[in-house]
Amino acid sequence: MTLKEIKELLLAEIVSGEDCLDLEITFAGGSDLMSDVLAFGKPGILLLTGLSNAQSVRTANIIDAKAIVYVRGKKPDNTGIKLAREKGIPLLSTKYMMYTACGLLFSNGLPGVSGLLPRK
Amino acid sequence: MMMSDKNELSHHFEINGGDFSNAGRISTSIKEILQEIGIDSSIIVRAAIASYEAEMNVVMYAQRGVFTLNITPEKLLLNLEDEGPGIENIDLAMKEGFSTATDEMREMGFGAGMGLPNIKKNADKFDISSIPGKGTSLKITICLDRTERK
């Protein structure tokens, strides 16, 4: 699934990384706890989070996440946006809550970290 | 940066306790250094995660800390010495979910009690020692030679 398709499914706006919409995303994970993202995330992950401070971008960079989707209409501060631009991490923001945003992506075929897909 | 006659690269970083706005910058620099010298990306992620968790622990709990990265042809050595409250019970601190974090730390997305266990998980060798009231010392080894890895 491309970042463009994710943007359309989640009715999201692009906060940063307008030129990265062709990026291919193969799995995703959602958490507001960066401790858990560091413990359970994997390189290449699309991170969904409601944590909008710079630590979300630093954590994404540390684990080689491909992009971040902020849920609940959150947007990162300027420090986070600047770091994301430097590191080439696209940032999106959706008004959907975490559960709905993850559910929409999962039911449209984007698996989680474990690779589990929805039952047909 | 220093280079000894033993073909070893060494970098030192100082961490200020309570400096939440800069928390994670040193780990980001460590990651960049490892990328520049062409270390395998799977090893870089493990070193970056271990560094980040260790750095956050100093920011959250200690007054200050010194982080040293030593790179040899065989391994990465990450040593962290902090001045702070230390850890009373290391066995308890190593348990997933145990945490003494404050609300401020949790608002930063940390303090879930995963830090030390996650450092151990990403290291090939992990040593921790602490003197309550003085500080904590971490020695993290990540092997570059595949046969030495756990």
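Me: In which sense do strand β4 and strand β5 of chain A pair?
Reply: The model is predicted, so local features need pLDDT of at least 70 and side-chain atom pairs pLDDT 80 or more, while totals for chains, interfaces and linings use all residues. Residues are numbered from 1 along each chain as written, chains are lettered from A in the order written, and side-chain values use heavy atoms, without hydrogens and water. Strands are DSSP runs of E of at least two residues, and helices are runs of H or I of at least four, numbered from the N terminus; two strands pair if DSSP finds at least two bridges between them. Strand β4 (residues 67-70) and strand β5 (residues 91-93) of chain A have 3 bridges, and their sense is parallel.

Me: Which residue in β5(A) is the bridge partner of A:Tyr70?
Reply: A bridge joins A:Tyr70 to a residue of β5(A). That partner is A:Ser93.

Me: Which strands stand at the edges of the sheet in chain A?
Reply: The sheet is open, with mixed pairing and 5 strands in the order β1-β5-β4-β3-β2 (chain A). Two strands each have a single partner, so one side of each lacks a neighbour in the sheet. These are β1 (13-16) and β2 (28-30) of chain A.

Me: How is α3(A) oriented relative to α2(B), roughly parallel or roughly antiparallel?
Reply: Axes are lines fitted to C-alpha atoms, for helices over the stretch in contact, and angles between N-to-C directions run from 0 to 180 degrees. The axes of helix α3 (residues 54-62) of chain A and α2(B) come within 9 Å and cross at roughly 150°. Angles under 35 degrees count as roughly parallel, over 145 as roughly antiparallel, 65 to 115 as roughly perpendicular and the rest as oblique. The pair is therefore roughly antiparallel.

Me: Which residues of α2(B) make the contact with α3(A)?
Reply: Contact means heavy atoms within 4.5 Å. From α3(A) come A:Gln55, A:Arg58, A:Thr59 and A:Ile62. On the α2(B) side are B:Val45, B:Ala48, B:Ile49, B:Tyr52 and B:Met56.

Me: What area is buried between chain A and chain B?
Reply: The contact takes 19 residues from chain A and 25 residues from chain B. Buried area is the accessible area (1.4 Å probe) that two parts lose on being put together, summed over both. Carbon and sulfur atoms give 54% of an area of about 1,800 Å².
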